[in-house]
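Take a look at the model below.

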Amino acid sequence: LFKKEMGQNFNDYLNTIRIQKAKELLKCTDDTVLNISIQVGFENVTYFNRVFKKITGQTPQQYRKSENEKDG
């Protein structure tokens, strides 16, 4: 039912929400990637990195660097 309504399974939906929040934290804080991964609900930073790259096409470090370059 969830997949029918949302167009994706629950885990994919949840990961998308978590990565959106992680992107905000990467832009707005100096927290480590490990701390951010824990804050958004990933207990394993390696898995967080894998999911982040799958969704955004970049690692969290690459994303933070590219956002910092845009700002300044």
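## Helix packing and aromatic rings

In this predicted model, helix α2 (residues 10-28) packs with helix α4 (residues 45-56) at an angle of about 95°. Their axes are 10 Å apart. Angles of 65 to 115 degrees count as roughly perpendicular, so α2 and α4 are roughly perpendicular to each other.

Which residues meet? From α2 come Asn15, Thr16, Ile19, Ala22, Lys23 and Leu26. From α4 come Tyr47, Phe48, Val51, Phe52, Ile55 and Thr56. By class, the contact of α2 with α4 has eight nonpolar, three polar and one charged residues.

Now the rings. The count comes to six aromatic pairs. Two of them are set out here.

| Aromatic pair | Centre to centre | Between the planes | Kind |
|---|---|---|---|
| Phe42 and Tyr47 | 5.7 Å | 55° | tilted |
| Phe48 and Phe52 | 5.8 Å | 55° | tilted |

Phe48 and Phe52 both lie in helix α4. They are four residues apart, about one turn of the helix.

Phe42 has 3%, so Phe42 counts as buried. Phe48 is buried, with a relative accessible area of 0%. Phe52 is buried as well, with a value of 0%. Tyr47 has 38%, so Tyr47 is partly exposed.

Phe42, Tyr47, Phe48 and Phe52 belong, with Tyr63, to one aromatic cluster.

Terms used
Residues are numbered from 1 along each chain as its sequence is written. This is a predicted model: local features need pLDDT of at least 70, side-chain atom pairs count only at pLDDT 80 or more; totals for chains, interfaces and linings use all residues. Side-chain values use heavy atoms; hydrogens and water are left out. Axes are lines fitted to C-alpha atoms, for helices over the stretch in contact, and angles run from 0 to 180 degrees between N-to-C directions. Helices (H or I, at least four residues) and strands (E, at least two) are DSSP runs, numbered from the N terminus. Angles under 35 degrees count as roughly parallel, over 145 as roughly antiparallel, 65 to 115 as roughly perpendicular and the rest as oblique. Contact means heavy atoms within 4.5 Å. Ala, Val, Leu, Ile, Met, Phe, Trp, Tyr, Cys and Pro count as nonpolar, Asp, Glu, Lys and Arg as charged, and the others, Gly among them, as polar. Rings of Phe, Tyr and Trp (its six-membered ring) pair if their centres lie within 6.5 Å; planes under 30 degrees apart count as stacked, over 60 as edge-to-face and the rest as tilted. Buried means under 20% relative accessible area, exposed over 50%, partly exposed in between (1.4 Å probe, protein chains only).
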